[in-house]
Amino acid sequence: MTYHTTRRRLFAFASSAALLGALMTAGAHSQAATFERGHTGTAQHGAIQPAPGDMTQHFWDALALETRDAWSRLRDSFQWQDGPHDPRVQAWIDHYRQSPHNIAEITERARPWLAWITQKVEERGLPGEIALIPFIESSFDPAARSHRGAAGLWQFMPRTGDSLGLSRQRGYDGRLDVVASTYAALDYIEYQADQWYEGDIELSLAAYNAGAGTVNKARRRAMAQGKGGDYWSLSLPRETMNYVPKLKAIAAIINAPDDYQVALPEIEDAPAFAKIPVERPMRLDEAARLAGVSQVTIAELNPGVTGGAIHPGNDRVLLVPSERADALMARLASPASSLASAGAGDDSYVVRRGDTLADIAARQGISVAELRQANGIAGNLIQPGQALELPTRSLASR
């Protein structure tokens with residue numbers, strides 16, 4: 001790999017140097033005071049006389065560095081914020097700064113996901129800006145769907161998702177699963193960078209948006225005209241021409257929010273959720289009860305579960321708030337929990353607020369007529385909490 005988290009390493013080095021310098025200064029002061037006291041222990045004229053605990057105080061002063069949160073960690077991993085901005089980037093900065101409330105709203109939606117995604121990007125040595133792709137793809141809405149058929153935080157089209165192992169079957173869509181789709185997106189970006197672009201992440205992002213065939217054709221055309229083959233020299237579809245500039249622009253604003261009068265929400269530098277392995281079928285309402293949280297909370301953390309229940313297989317995990325993970329694990333281990341799971345099959349769906357028959361049928365890969373027939377429904381009226389029987393048919397079988 002050719003990627004380096006240079007700024008973060010420099011930050012860590014500078015922090016270590018500052019700490020070492022403070023300790024050396026404190027040690028030097030202590031030694032000077034000891035030397036000038038002489039053998040009698042009496043302080044000489046001009047001697048430094050540190051109060052007890054001074055050296056400890058220097059130590060803690062040196063540790064009083066910038067408070068770490070999800071935003072500061074993300075900034076430390078940025079690799080594209082040095083130097084003047086390209087005019088295309090500046091144009092998008094100007095566009096975004098006109099609506100700072102929109103940025104605040106979208107970054108608030110990033111709360112459950114930002115720290116974990118940043119961690120995964122950082123582990124691969126990718127530019128931290130990659131963690132903000134969901135900002136421009138889905139406004140950090142894991143349930144987002146485009147009119148073209150793309151879905152999820154990273155907006156995968158069905159065929160692309162299938163090729164990356166994001167399965168779609170009754171009651172589950174891997175494109176909406178934040179954990180699964182994040183791994184797939186980062187794999188895809190790295191693969192294309194290595195396969196086609198000698199590690200050039202900007203070109204890989206262009207291919208992520210427009211497809212490698214479109215980008216490769218534009219590169220060949222540019223180089224035949226004597227131009228460079230980098231992203232900024234290519235003539236691409238309008239959306240792709242704006243893709244990297246938009247990403248760099250929002251990163252620039254997050255890198256210096258005060259300069260743009262943007263208030264970012266406070267987000268801790270630790271994942272907001274924990275992953276619980278699924279060893280038996282479990283309805284989300286049962287998981288919520290066992291975890292001691294609302295069903296809405298569990299549903300929002302597990303948008304890939306479209307049928308109201310999660311099932312073992314395909315490395316699937318249940319996401320729960322971090323602080324409730326231990327309680328849930330303890331209750332899952334109890335015999336009463338096993339008995340409560342009886343009847344939590346995969347042939348029914350519990351209606352949630354806002355559901356329509358058309359929505360449910362689309363998510364389950366069946367027709368509205370089939371759903372009506374299976375449940376003896378003549379019209380379109382359904383109620384939250386109502387259990388619907390699901391015909392045996394799946395998206396995967398189409």
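Colleague: Where is the place of Gln155?

Modeller: A word on the source precedes the answer. This is a predicted model, in which local features need pLDDT of at least 70 and side-chain atom pairs count only at pLDDT 80 or more, while totals for chains, interfaces and linings use all residues. Residues are numbered from 1 along each chain as its sequence is written, and side-chain values use heavy atoms, with hydrogens and water left out. Helices (H or I, at least four residues) and strands (E, at least two) are DSSP runs, numbered from the N terminus. Gln155 is found in the loop between helix H7 (133-138) and helix H8 (158-163).

Colleague: What is the phi of Gln155?

Modeller: Most residues other than glycine have a negative phi. For Gln155 the value is positive, near 55°. Gln261 likewise has a positive phi, near 55°, and belongs to the loop between helix H12 (238-255) and E3.

Colleague: Is Gln155 buried or exposed, and is Gln261 buried or exposed?

Modeller: Buried means under 20% relative accessible area, exposed over 50%, and partly exposed in between (1.4 Å probe, protein chains only). Gln155, at 14%, is therefore buried, whereas Gln261, at 58%, is exposed.

Colleague: Why is strand E6 described as largely enclosed by the rest of the structure?

Modeller: The description applies because four of the five residues of E6 (residues 317-321) are buried. For pairing, the rule is that DSSP finds at least two bridges between two strands. Strand E3 (residues 273-277) and E6 are joined by five bridges in the antiparallel sense, with Pro277 opposite Val317 of E6.

Colleague: How many residues apart in sequence are Ser181 and Leu153?

Modeller: They are 28 residues apart in sequence, yet 7.7 Å apart in space, C-alpha to C-alpha. Ser181 is part of helix H9 (residues 178-196) and is buried, at 1% relative accessible area. A further pair is Ile377 and Leu388, eleven residues apart in sequence and 9.9 Å apart in space, C-alpha to C-alpha. Ile377 sits in the loop between helix H18 (368-375) and strand E8 (387-389), and with a relative accessible area of 15% Ile377 is buried.

Colleague: In which helix is the place of Arg220?

Modeller: Arg220 lies in helix H11 (residues 212-224) and, at 56% relative accessibility, counts as exposed.
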